[in-house]
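Please walk through this structure with me, one neighbourhood at a time.

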Amino acid sequence: MHKILWKEKLSFGFAGFGQNMIYAFQMSFLLLFYTSVFGIPGWAAGLMFMIAKTWDAFNDILMGTLVDNTKTRFGKLRPYLLIAPLPIMIFSILIFTSFDASLTVKLIYIYVTYILWGMIYTLGDVPYWGLSAAMTSDSIERTKLISFTRIMTMIGTGLVIVGAPLLIETFGKDDRARGYFLTAIVISVIGAILFLLAFFNTKERTTVSA
């Protein structure tokens, strides 16, 4: 049986905290941004979300297959936790970027950036949760790790739901587009840095399938 060190547990938990800051901001505020700031009709944004979620079902399978066939000196899961945070940060900012253009151009932009955001987020999400099983073969240790991490993810989500509107108002003042953009930068940068902890301060000790 493998004991999970406190440093690993804290790092894994704070990585989940950072990851869910990004996810919560997107889930809670992106539709509002699209419709009230970027000028996308509600029906068009809803259709885009539906198509993206349908693709996600296939994307999850593809990502799981990719991870299962990965072999590196860092393990099969942790390399993705080094690769994913930067592009997640970049696309989390891009989906909250507003500009003047025709509706057609804006629709193309949100389809491309949001679907790529979902694919890149999955690139980090699938290995991240798979890592909890690879860190130890002890089911009790694993349960403690996941329980602690779930608490951290809920705190991260709650912090964003409460704090993001304040940041948007502070940064935006008379320019809501600027408020959303700068808030996305703050949340995405902090979230990505914290997510990197899952790579730097953990170890894969067992072999798992994603």
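Glycine 64 has a relative accessible area of 7% and is therefore buried; buried means under 20% relative accessible area, exposed means over 50%, and partly exposed is in between (1.4 Å probe, protein chains only). Glycine 64 is located in helix 2, where helices are DSSP runs of H or I with at least four residues, numbered from the N terminus. Its C-alpha lies 25 Å from that of phenylalanine 25, and 39 residues separate glycine 64 and phenylalanine 25 in sequence. The model is predicted, so local features need pLDDT of at least 70 and side-chain atom pairs count only at pLDDT 80 or more, while totals for chains, interfaces and linings use all residues. Residues are numbered from 1 along each chain as its sequence is written, and side-chain values use heavy atoms, with hydrogens and water left out.

Isoleucine 51 is also placed in helix 2. With a relative accessible area of 37%, isoleucine 51 is partly exposed.

What joins the side chains of threonine 70 and tyrosine 80? It is a polar contact of 2.4 Å, a polar contact being a pair of N or O atoms within 3.5 Å; within protein, one must be able to donate a hydrogen and the other to accept it, and residues adjacent in sequence count only if both atoms are side-chain atoms. Threonine 70 sits in the loop between helix 2 (42-68) and helix 3 (78-83), and its relative accessible area of 12% makes threonine 70 buried. Leaving aside residues up to four places away in sequence, threonine 70 touches Gly75, Lys76 and Tyr80, contact meaning heavy atoms within 4.5 Å.

Lysine 76 also forms a salt bridge with the side chain of aspartate 68, at 3.8 Å from N to O; a salt bridge is a side-chain nitrogen of Lys or Arg within 4 Å of a carboxyl oxygen of Asp or Glu. Lysine 76 is buried at 13% relative accessibility, whereas aspartate 68 is partly exposed at 31%.

The structure holds 2 salt bridges. Glutamate 8 and arginine 205 form one, with their closest N and O atoms 2.7 Å apart. Because glutamate 8 lies in helix 1 (residues 6-36) and arginine 205 in the segment after helix 8 (197-200), this pair ties together parts 197 residues apart in sequence. Glutamate 8 is buried at 3% relative accessibility, and arginine 205 is partly exposed at 27%.

Aromatic rings come next. Across the whole structure there are 22 aromatic pairs; rings of Phe, Tyr and Trp (its six-membered ring) pair if their centres lie within 6.5 Å, and planes under 30 degrees apart count as stacked, over 60 as edge-to-face and the rest as tilted. Phenylalanine 33 and phenylalanine 38 are stacked because their ring centres are 6.1 Å apart and their planes are at 10 degrees. Both of these phenylalanines are buried. Tyrosine 114 and tryptophan 117 are another stacked pair, at 5.9 Å centre to centre with 15 degrees between the planes. Both lie in helix 5, 3 residues apart, or about one turn of the helix, and both are buried.

Technical notes
Helices (H or I, at least four residues) and strands (E, at least two) are DSSP runs, numbered from the N terminus.
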